Amino acid sequence: MTLAHGRAACEQLDQQDPLAALRDEFILPDGVIYLDGNSLGARPKASLQRAQEVIAQEWGTDLIKSWNKAGWFDLPSTLGNQLAPLIGAQADEVVVTDSTSINLFKAISAALQMQSGDAQRKVIITERSNFPTDIYVAEGITRWLDRGYQIQLIDTPDELPQVINEKTALVMLTHVNYRTGYLHDMRAVTALIHQHGALALWDLAHSAGAVPVELNAAQADFAVGCTYKYLNGGPGAPAFIWVPQRHQAAFQHPLSGWWGHASPFAMQPHFEPTANIRRALCGTQPMVSLALVGCGLDIFGQTTMQAIRKKSLALTDLFIALVESQCAAHPLELVTPRSHQQRGSQASFHHPHAYAIIQALIERGVIGDYREPGIMRFGFTPLYVRYVDVWDAVASLRDILDREDYDLHAKRHAVT
Ligand SMILES: Cc1ncc(COP(=O)(O)O)c(C=O)c1O
Ligand SMILES: Nc1c(O)cccc1C(=O)C[C@H](N)C(=O)O
């Protein structure tokens, strides 16, 4: 079977797919092809019952006892330990807590503190194309510290060997770029950063649950990431922060709230950080949201990141090949790397009318999204996206393009 066999070939691929049964773990509305799991993952079926349990039983009936009885107080660490193997971390190195932006604040501050013994290390390097919150948080810290820290923005990863030097305190990169899907070689880039005595902070928002990640093997220094994308934790679900054992004793951040204290219930008047990863915590966590993160993570227990990666590459390969063959008459330009080594779990195309086309696709039940400038972004979550979905999505795209069936004046929503 080849692509020439059309949709039937895709059906056959679905029949042979070892991950096919996992789609049944999710709620997906009829008539919708969901290619936006890189922004908000689909809902695990189990999450409704779990929410009911937390609200009715743990909160409603057991009330305050649930901090102990239902494991609420330990939940950031319990979930961190469940997430750890998916990102190449050990137990007791990850907590699920706060938002990615807040965890970036903690990790950047701690990294600058760790480098403060070397007065010349004042530069934070990142990419101009990084997700804005990463840059904004770094800007906030440098402005607030007012100690001469600077942010250096690079335009392509190839610049890294030239720009990292003895003035670099921290290199902060997003492992898979949110817009293009470019995947960094974490191991090689971290080694380069370390050669110059700088620290490496990785944002795994588009990698955790999407591509295999080996934080310890790469000798990374810090990592943060979201649980509401490929990990299917739910809208606004708490994020995570990873600090390897070797840095935990030195990891100090300014959000020194009581959940990070060595003995929170001793109610001491001074802050003393706990010795372990819980020093990355700040204060009380949203238990209903936090509990749902477990439902997404449970599904990963039924497969491996290697199996997920294999299907992810097959889906994106197929999507790219179909778009390029079926829509060749139209000015679509692939902005995602073709090379497997450099591709995350998405495919993005530039088109002059990208926003209007995405809106037309959404109206037909094919959900992707739009990112400036002029980019249609499609995320592929191998746990629930099928090969036939890829075929059908491209058929809709082709029809919209051939008929010019899109509204150039389509209303710009707040969220694109
Ligand atoms: C790379 C990256 N970092 C961070 C975030 C989000 O951070 P937060 O959850 O704090 O809004 C996103 C997406 O929203 C992202 O793509
Ligand atoms: N985090 C989001 C939000 O708060 C509202 C709407 C979308 C999002 C997203 O996840 C955007 C996403 N990080 C991106 O890669 O563009």
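## Salt bridges and sheet

Asp-98 and Lys-106 form a salt bridge, their closest N and O atoms lying 2.7 Å apart; the term denotes a side-chain nitrogen of Lys or Arg within 4 Å of a carboxyl oxygen of Asp or Glu. The model is predicted: local features need pLDDT of at least 70, side-chain atom pairs count only at pLDDT 80 or more, and totals for chains, interfaces and linings use all residues. Residues are numbered from 1 along each chain as its sequence is written, and side-chain values use heavy atoms, without hydrogens and water.

A search of the whole structure finds 22 salt bridges. The table gives the accessibility of residues in some of these pairs, where buried means under 20% relative accessible area, exposed over 50%, and partly exposed in between (1.4 Å probe, protein chains only).

| Residue | Relative accessible area | Class |
|---|---|---|
| Asp-98 | 18% | buried |
| Lys-106 | 0% | buried |
| Asp-405 | 40% | partly exposed |
| Arg-364 | 33% | partly exposed |

Asp-405 forms a salt bridge with Arg-364, with 2.8 Å between the closest N and O atoms. Asp-405 follows helix 13 (387-403) and Arg-364 lies in the loop between helix 12 (354-363) and strand 13 (366-367), so the pair ties together parts 41 residues apart in sequence. Helices (H or I, at least four residues) and strands (E, at least two) are DSSP runs, numbered from the N terminus. Arg-364 and Asp-405 also belong to a salt-bridge network with Asp-399 and Arg-403.

Definitions and conventions:
Chains lettered and ligands numbered in written order.
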